[in-house]
Amino acid sequence: LATCLRGKAQLVLEKLSKQDLTDYKKLTEVLNERFDEKHLSRMYFNELQTRKRKINEDFVTFSEEIERLVRLAYLDSPEDIRDQVACRQFINGIENKELESILRLDRIDTLRAAVERATEFASIDELLKSKEQFFQSRTDRFHFNKLLFSHPKNQGNSYVKSHIECFKCHSFGHYASECKFQ
């Protein structure tokens, strides 16, 4: 039996003595201890408790993973209890503190409702960020133009004529009515 095992099962056997490796009863006992439902349930529970939403992970994928872990960690629990636990863990796993507090204040108690609200919040947040960037770029252009057309000598006058061409002498910096070569 010991020679047929691979992967994680083989790693468990490394802790056994050579004599125990030949004892079928000891082998099955150690393997059951490591891979029985109770142990796996604890392992999934720990994974569920530490699971956080990844940076580019969408809310639906994150909720599906949470739901899977809850199903595996709470095998004997009723469906409504599992859904409440999944909802709580979904909210705990969100790194955005503002969104987390919104979901808590809304007293959302189902995973589906939490995912819908989180997706809605993300859409609104994205829209606000794009509008903010748009207005910021317009403000930046305004300040750039103000700097471009201002001159240190003309602090009182914000409009500089350095880009204006005279129609009489064809030099820059003044209008034809102000031309020195009249």
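**Close-up views of an all-helix predicted model**

**View 1. Arg-53 sits over the face of Phe-59.** The distance from Arg-53 to the ring centre is 4.0 Å. A charge counts as over a ring if NZ of Lys or CZ of Arg is within 6 Å of the ring centre and within 35 degrees of the ring normal. The model is predicted: local features need pLDDT of at least 70, side-chain atom pairs count only at pLDDT 80 or more, and totals for chains, interfaces and linings use all residues. Residues are numbered from 1 along each chain as its sequence is written, and side-chain values use heavy atoms, with hydrogens and water left out.

**View 2. Phe-59, Phe-62 and Phe-90 make up one aromatic cluster.** Rings of Phe, Tyr and Trp (its six-membered ring) pair if their centres lie within 6.5 Å; planes under 30 degrees apart are stacked, over 60 edge-to-face, the rest tilted. Phe-62 belongs to helix H5 and Phe-90 to helix H6, 28 residues apart. Helices (H or I, at least four residues) are DSSP runs, numbered from the N terminus. Phe-62 is buried, at 0% relative accessible area. Phe-90 is buried too, at 0%. Buried means under 20% relative accessible area, exposed over 50%, partly exposed in between (1.4 Å probe, protein chains only).

**View 3. Phe-45 and Tyr-74 form an edge-to-face pair.** The search of the whole structure finds three aromatic pairs. In this one, the ring centres lie 6.1 Å apart and the planes meet at 70 degrees. Phe-45 is in helix H4 (residues 37-50). Tyr-74 is in the loop between helix H5 (59-73) and helix H6 (79-92), 29 residues from Phe-45. Phe-45 is partly exposed, with a relative accessible area of 34%.

**View 4. The largest pocket holds about 230 Å³ of space.** Its lining includes Arg-53, Phe-59, Glu-95, Phe-121 and Lys-129. Helix H8 (residues 111-149) gives the most to this lining, with five residues. On a 1 Å grid over the protein atoms alone, a pocket is an open set of points where a 1.4 Å probe fits, with protein on both sides within 12 Å along at least five of seven lines; lining residues have an atom within 4 Å of a point. Grid points are joined across faces, edges and corners, and the volume is the space filled by probe spheres set on the points.

**View 5. The whole protein has eight helices and zero strands.** Of its 182 residues, 25% count as buried.

Methods: Helices (H or I, at least four residues) and strands (E, at least two) are DSSP runs, numbered from the N terminus.
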